Amino acid sequence: MANTQTLIAQAYSAFNQRNVDGVLALMSENVSWPKASEGGRAAGKEEIRAYWTRQWQEFDPHVEPIEVIDREGGKTEVKVRQLVKSLAGDVLSDSEVWHVYTIANGLIERMDLKESEANSAQTPSAAFSKH
């Protein structure tokens, strides 16, 4: 689905540019997001804004989509390269992880992390992946 692929590309681009409003505009009001670096979930746009603001004060995540797979039921799986650096520029983690999105009415409703055999250890968390 081209619209979903465009939505996902816009979301990652805006996140990497630290354009919070740009990413939040692509989400539903009741969006649910994992807080991988803190635990639990962020519910709603303002909780996500606060979570990312805290995250970006601690480290510098950059997430690039590698592969996007549309599934049934509004699910989209995205394989990403997640590069997390310290604020001083040191690499904290560099890995590939899967994000699973639930899309409804053209907006992101939910994001989940998909565990893989190669990446079962928790990293300091990053961008769109370990949020």
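Me: Before we look at this predicted model, what does "exposed" mean?

Reply: A residue is called exposed when its relative accessible area is over 50%, and buried when that area is under 20%. Anything in between counts as partly exposed.

Me: Okay, so why is asparagine 105 called exposed?

Reply: Its relative accessible area is 80%. The cut-off is over 50%, so asparagine 105, at 80%, is exposed. You'll find asparagine 105 in the loop between strand 5 and strand 6.

Me: And why is arginine 18 called partly exposed?

Reply: Arginine 18 has a relative accessible area of 26%. Buried would need under 20% and exposed over 50%, so 26% puts arginine 18 in between: partly exposed. Arginine 18 lies in the loop between helix 1 and helix 2.

Me: What makes the phi of arginine 18 worth a look?

Reply: Most residues other than glycine have a negative phi. Arginine 18 isn't a glycine, yet its phi is positive, about 60 degrees. Asparagine 105 has a positive phi as well, near 55 degrees, and is also a residue other than glycine.

Me: Which residues does isoleucine 48 touch?

Reply: Leaving out residues up to four places away in sequence, isoleucine 48 touches Leu24, Met27, Val31, Trp33 and Ala42. To count as a contact, heavy atoms must be within 4.5 Å.

Me: Now the sheet. How do you know that strand 5 and strand 6 pair?

Reply: Two strands pair if there are at least two bridges between them. Strand 5 and strand 6 are joined by seven bridges, so they pair, and they run antiparallel.

Me: What makes strand 2 and strand 3 edge strands?

Reply: The six strands form an open sheet in the order 2-1-6-5-4-3, with mixed pairing. Strand 2 (41-43) and strand 3 (59-70) each pair on one side only, and that's what an edge strand does here.

Me: Where does helix 3 sit?

Reply: Helix 3 packs on that sheet and touches strand 1, strand 2 and strand 3. The direction of helix 3 makes about 45 degrees with that of strand 1.

How values were computed
Residues are numbered from 1 along each chain as its sequence is written. This is a predicted model: local features need pLDDT of at least 70, side-chain atom pairs count only at pLDDT 80 or more; totals for chains, interfaces and linings use all residues. Side-chain values use heavy atoms; hydrogens and water are left out. Helices (H or I, at least four residues) and strands (E, at least two) are DSSP runs, numbered from the N terminus. Axes are lines fitted to C-alpha atoms, for helices over the stretch in contact, and angles run from 0 to 180 degrees between N-to-C directions. Buried means under 20% relative accessible area, exposed over 50%, partly exposed in between (1.4 Å probe, protein chains only).
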